Amino acid sequence: MQVYNTGLNTPSVAAGPLYSLRLYVAGQTPKSVLAFTNLKQICEQHLQGRYAIEVIDLVKTPQLAHGDQIFAVPTLVRRLPEPIKKIIGDLSNTERVLVGLDLRVHQ
Amino acid sequence: MSLSVDETSCLDPSTQETGLLHLAQGGELPKALTGIRGLDEITGGGLPKGRPTLVCGGPGSGKTLLALTFLVNGALRFDEPGVLMTFEENEEEIIGDVASLGFDLPQLIEAQKLAVDYVRIERSEIEETGEYDLEGLFVRLDHAIRTVGARRVVLDTIESLFAGLKNDAILRSELRRLFRWLKDRRVTTVITGERGDGALTRQGLEEYVSDAVILLDHRVHDQVSTRRLRVVKYRGSHHGTNEYPFLIDTKGISVLPVSSLALQHPAPLERVSSGVPRLDEMLSGLGYYRGSTILVSGTAGTGKTSLAAHFLDAACRRGERCLCFLFEESPQQLLRNMRSIGIDLEPWVAAGLLQFHAARPSRYGLETHLVTMHQVVADFGPTVTVIDPVTNLMTVGTFADVQAMLTRLIDHLKTANITAMLTSLMPGQTEIERTETTISSLMDTWIVLANDQIGERHRRGLYVLKSRGMAHSNELCEFSMTNRGLNLHERASAPPGTGARDDSSQEGTHHAGV
């Protein structure tokens, strides 16, 4: 498990709840790299200073797939704030990711 | 391959496995035994080893149970650990479901012979954006397979993915990849699928699983339910193509493969006593052939059950195991009635040599009766079986159905070298042979019991209508019911039915009124 730059140490720019995110991937595939890049970008833009991303590589730790009920990769799991949300795919559609994370109301 | 020979092996649990293993090695493709009675016979040794098999059927048709039995038997009997990936029920539910069948899943899991992974897909929790694959599923499956060293895998029901995910194109290509992957891992896999309209499965899974397809069906006809199984496809292997009835009961699943049998019964020369010395004499002095089928017919109160009781008593005296199916009386009634004519069967019951199975004919459909009888026969392993009266089963189905069922049953008993006696209740004196013509051709020996009345007297007679393979008496022999059972008179000068008056032979006998 790898914990990436969280931005938590810097003073929060926008007020709001803390976002605890997990990105499940299976190896360094183009899809997983793309998903991480997309996620980082979205977080920086919308959640600066109040997010943490854990990247879990299921090839290394397959036993972790069961807990969050992962069957597709990449899968982004929003662990906090509750309720748990899952977004599967390479996160290439920013709009949908924002909707999935409850950062934007579905239109 | 000869299916009929392997059928016999079902009867003795000790030889069953060796018999089946022999089957599994019998040429063709390598196969993985399911351990399900009947299914391994139909498929000539089980499912294609190292390949996927699709088991489809409607809700409640027994798909999951069949798949789980395959898995549990693999772990317990064939040293092949298994993985269950379930999409519909969680671990606790699955464990609870099969506990009543005596499957102790927690113990198997503890012993590392089974791994269960519940994949929960909640549509409302999931958003999809962009490209993805099902590698997560592969990783989990791979992890579970490695954990227990699995040789068998069950996916129940993978179609749930279609309900949980929107992107059909990805799903389909991933399923194709999954089945390929399972083949490469050389695990024997059972994939269950829900029956679809006009197709085997709703999502067309049969398209991906090309090796073997088994269809389960659950029909209700005349308010009687019957389960059937059919092997739709089995690439590279012979298989029975009929629909076979199967049964789910407290011991799990069992399939009846009888109609695939060829006429290859053994024809032993050994003889067994009828229990009535005088009757043995009439049957060329030696009694019935072992493994033959004997029909005893007569109108009500002619002594059919008594003759059967003599036969049972004699067999138990020889130390043979006897099974008696009752469709009219309860075992207690029969025991009491027979005691009144001096045949005490109780000690044989106590000694475990004699077992009764009483059921109302209307309780199940014919097929279920048949499967149940098969199972009881297989469990008990008798050398003698009595069905009293077989005619009561005629009320359950049509003539053709009953005939088909009896053919299969008799076939099975003959193959297993079980001597069977069937009693048949004739509606009236004039009806002789009519109701029985359907089954008479299956019978080796046919004994007819008849009553007649002359004035105040009531006389009983017995004759051997036919007895294949032996010189038998054509005499119509008068008999009486005594407190020592059936007493066949030495020579009836004017047998009953001829209408002649001759009362001399009736003297000194006691009528027990049974």
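This tour visits a helix and then a sheet in chain B of a predicted model.

Local features are given where pLDDT is at least 70, side-chain atom pairs count only at pLDDT 80 or more, and totals for chains, interfaces and linings use all residues. Residues are numbered from 1 along each chain as its sequence is written, while chains are lettered from A and ligands numbered from 1 in the order in which they are written.

**Whole chain.** Select chain B, which has 16 helices and 23 strands (DSSP runs numbered from the N terminus: helices are H or I of at least four residues, strands E of at least two). Of its 514 residues, 50% are buried (20 or more other C-beta atoms, placed from the backbone, within 10 Å of a residue's own; exposed means 12 or fewer, and partly exposed lies in between).

**Helix α9.** Next select residues 168–184 of chain B, helix α9. Leu171(B), Glu174(B), Leu175(B), Leu178(B), Phe179(B) and Leu182(B) are buried here. Seen down the axis, the buried residues of α9(B) fall within an arc of 140 degrees (taken from the directions from the helix axis to the C-beta atoms), so they line one face of the helix. Turn to the other side of α9(B) to find Ala169(B), Arg176(B), Arg180(B) and Asp184(B) exposed. Then select Arg186(B), which follows α9(B) and has a positive phi, near 55 degrees.

**The sheet.** Move to the open sheet of 9 strands, ordered β17-β16-β18-β19-β15-β20-β21-β22-β23 in chain B, with mixed pairing (two strands pair if DSSP finds at least two bridges between them). Its edge strands are β17 (354–358) and β23 (485–488) of chain B, each pairing on one side only. Within it, select β15 (residues 293–298) and β20 (residues 445–454) of chain B, a parallel pair with 5 bridges. Finish at Gly298(B), whose bridge partner in β20(B) is Leu449(B).

Technical notes:
Expected span 1.5 Å × (residues − 1).
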